[in-house]
Amino acid sequence: MLETVKVSIVGRVQGVGFRPFVFQLAQQYGLKGTVQNNMDGVEAFIEGRATDVQLFLQSVKEKAPRLARIDQMTIQRETFIGYKEFSIIKSRREGISQLVIPVDAGVCDECLAEINDPYNHRYHYPFTTCTQCGPRYTIIDELPYDRPYTSMSNFELCPNCEQEYHNPLDRRHHAQPIACPECGPHVILISHDGNIVAERDEALEMAGKLLIEGKVMAVKGIGGFHLCCDAHNDQAVSLLRRRKNRPHRPLAVMSFSIEDVKRFAKVSSKEEELLRSAEAPIVVLQKRKEYHLAEKVAPDMKTIGVMLPYSPLHYLLLKEAGKKTLVMTSANVSGLPIVYKNEDCHPYIGEIADFYLLHDREILHPVDDSVVQIVQGETDFFRKSRGYVPDALYSKMNVDGIVAFGGQQKTTFALGRNHQIFIGPHIGDLDNLSTIHHYRKELQHLLKWIQPHQRIGVVDYHPNYQTRELAKEFSFDEVMEVQHHHAHMAACMADNDMEEQTFAIILDGTGYGLDGNIWGFEIFYGDSRQFQRLAHLKYTALPGGEVCIREPWRNACGMLLTLLGDEGFKLCEQLFPSHKKAIPVFRAMIEKGLNTVYAGTCGRLFDAVSSMIGICEKSTYDGEAAIRLSELAQFDQQIESYHYEIQENQQKLVFDFSRMLLEIVQDVRNGKTVEEMSTAFHETIVQALVEGMNRLRDNFPQYSKKIVLSGGSCHNRYLKERLTACLTAAGFEVYSHKHIPCNDGGLSYGQLMVAAAKREEKPCV
């Protein structure tokens, strides 16, 4: 019996070889019909014997390409048409898009084999790609995803590539970025003064030699430029740091193979899986005792960020550089977006790089490398960007028409369409016009592709965040404010598919509170609609406001002066003798309320302790004081916590660490090691929060025993692991982020979920 069915498939099904896959399945089962891309996804008409059609449909679900993800598959019986063959037909571009935008994918093993094969016409070709790997999001101009609407449209296919592209049995069948040495992009090596040094293979060969000689190079990849040098060469790394004015921030590295990585870092099976994955992020690993890279790659750190070459160009460059590990850090001036255009190389990073390894494939959408770590067997995203965005997440709630603008730091935006949520790439800190322009440009592109109705705009509660101004550029029916840490809470709940009310421990750096103070050490109870603030850190002064974030010693003085008065004044003079003249000024500022805000945040507490024990008085990058302090905490030592108090004030618990600060000062005087003090400090935070949760459970026995952990400080491995273990032992169920950063990179996701939940509870008019 013959039958005809229409199959509609929604999900990540464009740019992943889905149409060739369907074609080959149809050939396998002797079926006829058509398959095409459209603005929803992929649509196929399948005609043949009923048993073969059923086998075909089952295989579509079970054997989809590695980059594909089927979110919805609808099957509808149709009147018999009488197709003569099976064919891939021209994409349909009409209608409102429901597509999941294809993401960039690391080079696959098959393409690597070709570029290593001297008898293959793509031997040593740095832009080798197929349906299962290569650039996607970064080269797309319009949807559906077809070559004429990408930056590859400038390269006309040669006869060989044309044949592969149209051959349904070839793995490059309808691979949009397909290219070869005859018809595709090429590399070129340019000196600092703008002269062409070499092209094609010679450019890669010479670039490798220059890196071995200690030169600093700007290398154009998939999502933008990297600054690159030999990670074994102390002088080269020091030169890069000095030119980029990045004295301490850890630099990421790229190694030729997983075997090379294992020579200087510990690699678990989960971490190796991530390194080898199509997403190919930077993975933060523990250094081995046998660590042999230059010390200045990641100074004062026990960890190092590592990635494998995720493009043929990177792979060949490392091969030419003697398979050494190379520093591979984003090419940008501090605070500005990543450089991604050839013409911007010299103006922006001309004083940093000695040479530029360029290519002529245009990057339309720059993306930074994603950064992750594995904690307790789960992926913890520091930054979710290349390889992951703008892939769709799904919600049980209708999120249609909601645009969430994120925060001020590490910002992203999020768009809702029906039950899909699209989070944009990592943008960074909105502290300058260049970054704001970059934010606006990427938001407009995603809005054009996704086409939501733009009903609700969502902004942070902070009155001075730049995202508020960006939201004014749109005509929303409503603009909703969401408190910073409520968004963190909602993000973690949604990340774990939780809807019922729960506790939330939020440990963060900065978030504008409903009382006008700076929050960041909170225990909430509630859900995405509403929350109660049940506990927080005692407020202390930040004399000078945000400058205290850049200079943690100021923050320490504000904390000691607020909590300990005259005794705190003396301690400040003892701890920071080089700043003795400033301390009376701080006291006067606090007493008179001049240029002083009050904060109770985990980030500022870490900053204070870090400066008090001599780790970091001034931060040269965001979070430096806290990060360096956290690196010193010892998991394998049994060290008692310091003393603390939990007070009750207006039916709220208030954490007071005054005694801890006094004991830390005493330990400094007694010559305790920084490792011992850091560990005791971390354990104090853990024990205080566990005691606070036990007291709240006693006060509110009717409340759920579930807890979500969120906020940027939850990247701290010690806090996350110990809190999870101790709270679980106390009878709580503890949930952490899995797919979304716990820092402000996940804020827009949480904002969107809050807006969707509040919209659902509104009565229909």
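Reader: How do the side chains of Arg587 and Asp566 meet?

Author: They form a salt bridge, 3.6 Å from N to O. The term means a side-chain nitrogen of Lys or Arg within 4 Å of a carboxyl oxygen of Asp or Glu. Arg587 lies in helix 16 (residues 582-592) and Asp566 in helix 15 (residues 552-575), so the pair ties together parts 21 residues apart in sequence. Helices (H or I, at least four residues) and strands (E, at least two) are DSSP runs, numbered from the N terminus. The model is predicted, so local features need pLDDT of at least 70 and side-chain atom pairs count only at pLDDT 80 or more, while totals for chains, interfaces and linings use all residues. Residues are numbered from 1 along each chain as its sequence is written, and side-chain values use heavy atoms, with hydrogens and water left out.

Reader: Is Asp566 buried or exposed?

Author: Asp566 is exposed, at a relative accessible area of 56%. Arg587 counts as partly exposed, because its relative accessibility is 28%. The scale runs: buried under 20% relative accessible area, exposed over 50%, partly exposed in between (1.4 Å probe, protein chains only).

Reader: How many salt bridges does the structure hold?

Author: The count is 40. One of them joins the side chains of Arg533 and Glu522 at 2.6 Å, N to O. Arg533 sits in strand 26 (residues 531-537) and Glu522 in strand 25 (residues 518-526), 11 residues apart. Both Arg533 and Glu522 are buried.

Reader: Where do Glu683 and Arg722 lie?

Author: Their side chains also meet in a salt bridge, at 2.5 Å from N to O. Glu683 is in helix 20 (residues 674-699) and Arg722 in helix 21 (residues 717-729), 39 residues apart. Glu683 is buried, with a relative accessible area of 7%. Arg722 is partly exposed, at 27%. Elsewhere, salt bridges with shared partners join Glu114, Arg122, Glu164, Arg171 and Arg172 into one network.

Reader: Now helix packing. At what angle do helix 13 and helix 22 cross?

Author: Two packed helices are described by the angle and the distance between their axes. Here the axes of helix 13 (residues 484-495) and helix 22 (residues 747-761) come within 7 Å and cross at roughly 85°. That makes the two helices roughly perpendicular. Axes are lines fitted to C-alpha atoms, for helices over the stretch in contact, and angles run from 0 to 180 degrees between N-to-C directions. Under 35 degrees is roughly parallel, over 145 roughly antiparallel, 65 to 115 roughly perpendicular, the rest oblique. Contact means heavy atoms within 4.5 Å. The residues making it include His484, Ala487 and Ala491 of helix 13, and Leu747, Tyr749 and Met753 of helix 22.

Reader: Last, Thr138. With which side chain does the side chain of Thr138 make a polar contact?

Author: The partner is Asp104, at 2.9 Å. A polar contact is a pair of N or O atoms within 3.5 Å; within protein, one must be able to donate a hydrogen and the other to accept it, and residues adjacent in sequence count only if both atoms are side-chain atoms. Thr138 is in the loop between helix 3 (109-115) and helix 4 (159-166). Its relative accessibility is 0%, so Thr138 counts as buried. Not counting residues up to four places away in sequence, Thr138 touches, among others, Ile222, Glu362 and His365.
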